[in-house]
Amino acid sequence: MALNEEFVGRVFGPGEPYEVSRVKIAEFADAIGEPSELCRDKAAAQRAGYPDVIAPPTLAIVIAMASTASMHSEPGLGLDYSMVVHGEESFSHSRPLHAGDVVVATTTVESIRALGAMSMLVTSTDISTTDGEHVCTAKSTLVERGK
Amino acid sequence: MTVKYADVALGAEIPVKRYRVTRVDLVKYAGASGDFNPIHWNERFARSVGLPGVIAHGMYTMAQAGRFVTEWAGDPGAVLEFGVRFSGMVPVPDDTDPPLGGTTGGATIEVSGTVAEKLGDNKVAVDIVARSGGTKVLTRSHAVVRLP
């Protein structure tokens, strides 16, 4: 099923604030094999100039995915998530996320296009603190494989 | 920090790293990331949607490329820009033998990188390629890193 192109330009969010915790950062760093003590040791992170332990750059996807999930499940979009593979991903960081950050995410649908039996969905998610400081923009291209 | 801006030469290759990935890594990543798509842990489901079997999360593979860059830079906070194109799947077969000294299951993700550009403000651009099972799984991938 082709995706509904009327979703282009629509904005989702901001959703509920997400609080970045030391435990989540350490769990994520463990899961990806990131060895840095800056993800685990507050004193080491502060010696390096950060307010608290910092997240590996791709942890932002956890917050971005929570923001895009509500859009993906909208029946009007026509997305079959079981047929979705990731096409491209990019992050643009103003600074690393750190423990104690409270952030909100806003997702914009940038483009939808059909490519043969496949559909490509491009979204851009801005992650900012609740005080309005930009932290990261995550841009995702999802590909829905044809059936 | 393990590298300094002044010491980085244009075109320099970052030493290749090989990262092993097994099913338990995908389960851990699913839990840590919240991405519970069953194609990353359920063989039957993966095959039912036309995949060769369980495959790694694209974001897991991207994270390995990220780890490659942050280990080189010595600081996960040094990465300003990071973008990848997912050009191939990473099938992660289950163990076929009991884990008694053999590693028959899993896959290897091999990451390589080159310093593509020295930018101002102590920033360098790095081109990254990741391969698994003889296939390029990340292409047109790059990071911009700020070094001391």
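**Reading a two-chain model**

Author: In chain A, 72% of the contacts with a separation of 6 or more join residues 24 or more positions apart; two residues are in contact if their C-beta atoms, placed from the backbone, lie within 7 Å. This is a predicted model, in which local features need pLDDT of at least 70, side-chain atom pairs count only at pLDDT 80 or more, and totals for chains, interfaces and linings use all residues. Residues are numbered from 1 along each chain as its sequence is written, while chains are lettered from A and ligands numbered from 1 in the order in which they are written.

Reader: How many helices and strands are there in chain A?

Author: Helices (H or I, at least four residues) and strands (E, at least two) are DSSP runs, numbered from the N terminus. Chain A has 3 helices and 6 strands, and along the sequence they follow the pattern β-β-α-α-α-β-β-β-β. Its C-alpha atoms fill a box of roughly 50 × 30 × 20 Å along the principal axes.

Reader: What percentage of the residues in chain A is buried?

Author: A residue is buried if 20 or more other C-beta atoms lie within 10 Å of its own, exposed if 12 or fewer, and partly exposed in between, with C-beta atoms placed from the backbone. Of the 147 residues in chain A, 39% are buried. Ala69(A), found in helix H3 (residues 60–72) of chain A, is partly exposed because 15 other C-beta atoms lie within 10 Å.

Reader: Which residues of helix H1 of chain A are buried?

Author: An α-helix has 3.6 residues a turn, so residues three or four places apart point the same way. In H1(A), residues 22–32, the buried residues are Ile25(A), Phe28(A), Ala29(A), Ala31(A) and Ile32(A). Seen down the helix axis, they fall within an arc of 160 degrees (the arc of the directions from the axis to the C-beta atoms), so they line one face of H1(A). These buried residues pack against H1 and H3 of chain B. After H1(A) comes Gly33(A), with a positive phi near 80 degrees.

Reader: How many residues does the largest nonpolar core have?

Author: In soluble globular proteins, nonpolar side chains tend to be buried together. A nonpolar core is a set of buried Ala, Val, Leu, Ile, Met, Phe, Trp, Tyr and Cys residues joined through C-beta atoms within 7 Å. The largest one here has 66 residues, and Ile25(A), Ala60(A) and Val145(B) are among those with the most contacts inside it. Its largest share, 9 residues, comes from helix H3 (residues 58–73) of chain B.

Reader: How many residues does each chain give to the contact between chains A and B?

Author: Chain B gives 29 residues and chain A gives 30. On the side of chain B that touches chain A, H3(B) gives the most, with 10 residues.

Reader: How do strand E3 of chain A and strand E2 of chain B run, parallel or antiparallel?

Author: Two strands pair if DSSP finds at least two bridges between them. E3(A), residues 84–93, is joined to E2(B) by 5 bridges, and the two run antiparallel. Phe91(A) has Phe82(B) as its bridge partner in E2(B). Within chain B, 8 antiparallel bridges join E3(B) to strand E4 (residues 123–132). E3(B) and E4(B) form a hairpin with 4 residues between them, and Asp121(B) in the turn has a positive phi of about 60 degrees.
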